[in-house]
Amino acid sequence: MTRILFVCLGNICRSPAAEAVFRDKAQAAGLSVEIDSAGTGGWHVGKKPDARMIAAAKTRGYDLRKLRGRQVDMGDFYMFDLILPMDASNMADLRDLAPPDGKAELRPFLSFGVGGDVPDPYHGGRSGFETVLDMIEHAADGLVRSLKAQHG
Ligand code: 4NP
């Protein structure tokens, strides 16, 4: 069982999408994983994902409606095996928060795809959400392959 936490800034756009996309792909691949997402910021705790992301993800068959925002906490660094931030700013914030004896490996999510950052779509237009979903689907496939190679 591998425990994986996806992290972005608000936990209403990128990381909930990554959680839902990867959950579907991991299940289809028969992987034994536990999956969650969280934000480094606390503005949207308890809130549903952004309506624009719910709509964009729905057209690709992913259901984000039951997810609710939460903030990263100290326990996450002990609970999870892998913590996967969406961009370099999320990574820097996680490194600042991480306790010295935390067991989670911090690694950029797109290191399983094309590398670089998943851009923050919150203040952009509709195409931003599609681009984000393209990147997330691609990296999620890479993450599935990586876990399959590790665990058979
Ligand atoms: P996310 O997008 O990090 O992909 O969930 C954002 C959502 C909200 C805010 C920033 C980014 N915000 O500033 O409220």
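**A conversation about the sheet and its helices**

Visitor: Is Thr-2 buried or exposed?

Guide: Thr-2 is buried, because its relative accessible area is 11%; buried means under 20%, exposed over 50% and partly exposed in between, with a 1.4 Å probe and protein chains only. This is a predicted model, in which local features need pLDDT of at least 70, side-chain atom pairs count only at pLDDT 80 or more, and totals for chains, interfaces and linings use all residues. Residues are numbered from 1 along each chain as its sequence is written, and side-chain values use heavy atoms, with hydrogens and water left out.

Visitor: Which residues is Thr-2 in contact with?

Guide: Leaving aside neighbours within four places in sequence, Thr-2 is in contact with Ser-32, Val-33, Glu-34, Asp-81, Leu-147 and His-151. Contact means heavy atoms within 4.5 Å.

Visitor: And where does Thr-2 lie?

Guide: Thr-2 lies in strand β1. Strands (E, at least two residues) and helices (H or I, at least four) are DSSP runs, numbered from the N terminus.

Visitor: What is the order of the strands in the sheet?

Guide: The open sheet has 4 strands in the order β2-β1-β3-β4, and their pairing is parallel. Two strands pair if DSSP finds at least two bridges between them. The edge strands, β2 (33–39) and β4 (105–106), each pair on one side only.

Visitor: How many bridges are there between β1 and β3?

Guide: Strand β1 (residues 2–8) and strand β3 (residues 82–85) pair over 4 bridges. Val-7 stands opposite Pro-85 in β3.

Visitor: Which strands does α4 touch?

Guide: Helix α4 packs on the sheet and touches β1, β3 and β4, and its direction makes about 140° with that of β3. Axes are lines fitted to C-alpha atoms, for helices over the stretch in contact, and angles run from 0 to 180 degrees between N-to-C directions. Ala-88 is placed in this helix, α4 (residues 88–97), and is partly exposed, with a relative accessible area of 48%.

Visitor: Changing topic, at what angle do α2 and α5 cross?

Guide: The axes of helix α2 (residues 51–58) and helix α5 (residues 126–151) come within 10 Å and cross at roughly 55°. The two helices are therefore oblique to each other: angles under 35 degrees count as roughly parallel, over 145 as roughly antiparallel, 65 to 115 as roughly perpendicular and the rest as oblique.

Visitor: Which residues meet there?

Guide: Arg-52, Met-53, Ala-56 and Ala-57 in α2 meet Phe-129, Glu-130, Val-132 and Leu-133 in α5.
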